[in-house]
Amino acid sequence: MTASTAEQPYPLASSLARPSMRVVVLSDAEPDRNGVGSYYADLVVQLRGHVDSAVLFHPGNQASPGYRYLSAPLPGDHTQRISVPRPTHLWRAISQSRPTVIIVPTPGPFGLAGLLIARKLGIPLIVGFHTHYEALATLYWQNRFGFVCQRYLNWCNRLLFRHGAAVLANSPDMLRQAMTGGARAANLMGTSVPDEFVRLPAMPLNRSVDAVLFAGRLAGEKNLPDVLDAARRHPHIRFTIAGDGPMRSVVEQAAGELPNLDYLGWVARTDLLSLMDQHDVLLLPSKVESFGTVALEGMARGRLVIVTATCGISEWPQLADSLFIVADDETPSRTLQRLCGLSPEFRQALATQARQRAVDLNSWNISSWMQTLQRVQANAPSTLTNVLVA
């Protein structure tokens, strides 16, 4: 699937035959800390039903004792850390997994280790392109340090793109960036949601819009001032913010001032489903958002979802008509007002449609990943044969 075919219905694979395949994912993002971490935690679980093994290695992973050699707070956000793995421990743990394909979704130390290991083993590398790191560097580090960060991230991405047997991007805009950045073979990938989000029945919406939820990192790219503005302008609606990040103090202060705003702090992903079910609307007014996994999760739970046009999820035609996208001439608060003016029947019909669209994307995504894995492994150099029969 390329950018030109994004408007077509999801092509499902005719079958998901179980291949002789062992998959290892190396990610700098820990599960539940951000969208990338959650994406691959979900993916490896779903892949296990179709491949011989699927393992995720990340800085919080205990599969390799002594995995972390160095660790420091991420500049601009001390709630997250960047870690350097112990090479020998990581190599030993991955060697025991005997991978036939390695997936790398981040350009940090773990991601670059994945590149080196894939080349050492002579097996194909798949690069997941989820985050516009250069844009985030501009947002957080508007000085000489920011310039250095942008150059470094750009170099890392190009290095991964150059050696990737396939590059998968999570929105048409990210796909264009990957192709501009030198990806040899770039395609769109979908986004999965945890099994229980689609397996458990969705709760019906209230007749009126009573509660709005924001869930995610409390950081500049999430545009939290517009969430707080919406809470101030809609005092009859209960707002809830769940998350942690560098803007926590701003949110805590607003929660102390606004009687209709609750701040929960960081919420474990296992508790997010029930939290979503307690709200009618999920609000994601991000300035920079390559996709917006939490928005898809909200759709899967049959919630109404408001996003800005800068969220990559809005670029998917199959999803966009089930979203409320903030128009160029309005604020998220005004979009919420527009949503409230619709009939309860229309809102419920849209929420039901949104759930089905999320379920469809979830099914297509695992099929698409399996096709990519089978293709890159089939086209791998002959040295892969030794790995397969070892």
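Strand 5 (residues 101–104) and strand 6 (residues 125–129) run parallel and are joined by three bridges. Helices (H or I, at least four residues) and strands (E, at least two) are DSSP runs, numbered from the N terminus, and two strands pair if DSSP finds at least two bridges between them. Within this pair, Val104 stands opposite Val127 of strand 6.

Before going further, please note that this is a predicted model, in which local features need pLDDT of at least 70 and side-chain atom pairs count only at pLDDT 80 or more, while totals for chains, interfaces and linings use all residues. Residues are numbered from 1 along each chain as its sequence is written, and side-chain values use heavy atoms, with hydrogens and water left out.

**The first sheet and its helices**

The two strands belong to an open sheet of six strands in the order 2-1-5-6-7-8, paired in parallel. Strand 2 (53–57) and strand 8 (186–188) are the edges; each has a single partner strand, so one side of each lacks a neighbour in the sheet. From one strand to the next the twist averages 20°. Angles run from 0 to 180 degrees between N-to-C directions, with axes fitted as lines to C-alpha atoms, for helices over the stretch in contact.

Helix 3 (residues 109–121) lies across strand 1, strand 2, strand 5 and strand 6; contact means heavy atoms within 4.5 Å. The end C-alpha atoms of helix 3 are 18 Å apart, which agrees with the 18 Å that its 13 residues should span at 1.5 Å a residue, the expected span being 1.5 Å times one less than the number of residues. Its buried residues (under 20% relative accessible area, with a 1.4 Å probe and protein chains only) include Phe110, Leu112, Leu115 and Ile117. Just after helix 3, Gly122 has a positive phi of about 70°.

Ser97 is part of helix 2. Is Ser97 buried or exposed? It counts as buried, because its relative accessibility is 16%. Beyond its neighbours within four places in sequence, Ser97 is in contact with Arg22, Val24, Ser53, Val55 and Phe57.

| Helix | Strand | Angle |
|---|---|---|
| Helix 3 | Strand 5 | about 155° |

**Cores and overall picture**

A nonpolar core is a set of buried Ala, Val, Leu, Ile, Met, Phe, Trp, Tyr and Cys residues joined through side-chain atoms within 4.5 Å. In the largest one, of 88 residues, Ile102, Ile241, Leu296, Met299 and Ile313 touch the most other members. Leaving out neighbours within four places in sequence, the contacts of Ile241 include Phe214, Val227, Val251 and Leu264. A second, separate core of 25 residues includes Val25, Val36, Val44 and Trp369.

Overall, the protein has 15 helices and 14 strands, and 55% of its 390 residues count as buried.

Terms used
Buried means under 20% relative accessible area, exposed over 50%, partly exposed in between (1.4 Å probe, protein chains only).
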